[in-house]
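Dear colleague,

I am passing on the structure we spoke about, with notes on what was found in it. Please look through the sequence and the model before reading on.

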Amino acid sequence: MKKTFKQIRRQFWEELKEFNPRLYKQGKRSRSQNDQVTDIRVDFCDFIERLRRDNEITESQAQRITL
């Protein structure tokens, strides 16, 4: 279950590229969360919630991670 924030972010971008390439192209991986388009920010929150619900990350990680 131990994942670093870097691993979680990498997993998010990989899944976004696979499942929503159009949105992936709009993303700017070198930018902060608030510099991303709204759809990417929402997808990231949903992604984090899914990881937490599936016990892949802890509640504490879910509360602290940012894109």
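**The largest pocket**

The largest pocket is lined by F12, E15, L16, F19, N20, D43, D46, F47 and R50; on a 1 Å grid over the protein atoms alone, a pocket is an open set of points where a 1.4 Å probe fits, with protein on both sides within 12 Å along at least five of seven lines, and lining residues have an atom within 4 Å of a point. Please keep in mind that this is a predicted model, in which local features need pLDDT of at least 70 and side-chain atom pairs count only at pLDDT 80 or more, while totals for chains, interfaces and linings use all residues. Residues are numbered from 1 along each chain as its sequence is written, and side-chain values use heavy atoms, with hydrogens and water left out.

The volume of this pocket is about 150 Å³, a volume being the space filled by probe spheres set on the points, which are joined across faces, edges and corners. Its lining divides into 4 nonpolar, 1 polar and 4 charged residues, where Ala, Val, Leu, Ile, Met, Phe, Trp, Tyr, Cys and Pro count as nonpolar, Asp, Glu, Lys and Arg as charged, and the others, Gly among them, as polar. Helices α1 and α3 each supply at least two of the lining residues (helices are DSSP runs of H or I, at least four residues, numbered from the N terminus).

**The nonpolar core**

Within the largest nonpolar core, which has 15 residues, F12 and I48 touch the most other members; such a core is a set of buried Ala, Val, Leu, Ile, Met, Phe, Trp, Tyr and Cys residues joined through side-chain atoms within 4.5 Å. At least two residues of this core come from each of α1 (5-19), α2 and α3, and α3 gives the largest share, 5 residues.

**Two glutamines**

Q36 lies in the loop between α2 (21-26) and α3 (38-53). Q36 counts as buried because its relative accessible area is 3% (buried means under 20%, with a 1.4 Å probe and protein chains only). The side chain of Q36 reaches the backbone oxygen of K28 at 2.6 Å.

Q61 sits in helix α4 (residues 59-64) and is likewise buried, at 11% relative accessibility. Its side chain reaches the backbone nitrogen of T58 at 2.9 Å.

With best regards

Key
Buried means under 20% relative accessible area, exposed over 50%, partly exposed in between (1.4 Å probe, protein chains only). A polar contact is a pair of N or O atoms within 3.5 Å; within protein, one must be able to donate a hydrogen and the other to accept it, and residues adjacent in sequence count only if both atoms are side-chain atoms.
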